[in-house]
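Hi everyone, thanks for making time. I'd like to walk you through one model today, so let me put it up on the screen.

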Amino acid sequence: MAHRVRLQGSSRAFTAAFRRELENAGLEAVVEAVESVTGARRATAKDLLIYEIKKKAELQAFSRKRSVRPFLVFTKLELRHDEISFLKEKGLMGVIRPDTSPEDIFFHVNKAIFCNRMIKRNARAPVNMPVEIIAGQKKISTVSSLLSRDGMFIVTLNPLPLNCVCELAFKVPGIGKDFRTGARVLYNVPVNRDLNIISSPQDPFKRFISHPGMAVFFLDLPAQDRELIDRYVKSLD
């Protein structure tokens, strides 16, 4: 089934040309023609929202956004670093411009769709579970602090870069088997050693109250292993 993308804007470059770009990639694009972000209707939980921003004043509408749900922005404007950081705190996954290449568009869209699915469907639970990370010649033995059927947050002072692929080996408490899977880094929370703070994933100069580490999603974990993890996570409720 095609993923649905809801376009909230009004310019022809956005509602016609950009819509065709998405539909050519197999996405179902639904246009909601509104003149500004403030006129946009709330989408259903399965929709990925892409907002068109035509003037800086529209950024203020995002200050009323309560839930951190993944979205994308389409704009011709040059956004400042602080404006992008503000939007990221509200759930921004990427900025698309009229001249953004199809490859970059689909990278942003797919990443946002994945995050939306993760947030919407997965039960997760805090854990304290040993994990071994293998990335090239590097091996790191550490722990996971959050677990779901599709991924985990791994505590480490040396998180891998965004989108880095690694191998994981771990055991889930109460399940008598070894789990192994490829994984990709979704975001990381590094330590800013110059400022001696844990950095926000959106802003390296902003203090972030969290464990340092990285969120990863599983690439090739078998369905039966995901079900075992899901049952364990739900048993902790």
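Okay, let's begin with helix 2, which covers residues 81-89; Glu83, Ser85 and Leu87 are buried there. What do the buried residues of helix 2 pack against? They sit against strand 4, residues 71-75, and strand 5, residues 92-96. After helix 2 comes Gly91, and its phi is positive, near 120°. Keep in mind that this is a predicted model.

Now, salt bridges. Side chains of opposite charge can pair when their charged atoms come close. How many salt bridges does the structure hold? Twelve, and I'll pick out a few.

Back to Glu83: its partner in a salt bridge is Arg80, with the closest N and O atoms 3.0 Å apart. Is Glu83 buried or exposed? Its relative accessibility is 9%, so Glu83 counts as buried, while Arg80 is partly exposed at 46%. There's a network here too: salt bridges link Lys56, Arg80, Asp82 and Glu83.

Over in helix 1, residues 12-24, we have Arg19 and Glu23. Their side chains meet in a salt bridge, 3.0 Å from N to O. Because they are four residues apart in that helix, about one helical turn separates Arg19 from Glu23. Arg19 is partly exposed, at 31% relative accessibility, and Glu23 is partly exposed as well, at 36%.

Last one: Lys171 and Asp178 form a salt bridge, and their closest N and O atoms are 3.5 Å apart. Here Asp178 counts as exposed at 54% relative accessibility, and Lys171 is exposed with a relative accessible area of 53%.

Conventions
Residues numbered from 1 in each chain as written. Predicted model: local features only at pLDDT ≥ 70, side-chain atom pairs only at ≥ 80, totals over all residues. Heavy atoms only, no water. Buried < 20%, exposed > 50% of the residue type's maximum accessible area, 1.4 Å probe, protein only. Helix = DSSP H or I, 4+ residues; strand = E, 2+ residues; numbered from the N terminus. Contact = heavy atoms within 4.5 Å. Salt bridge = Lys/Arg side-chain N within 4 Å of Asp/Glu carboxyl O.
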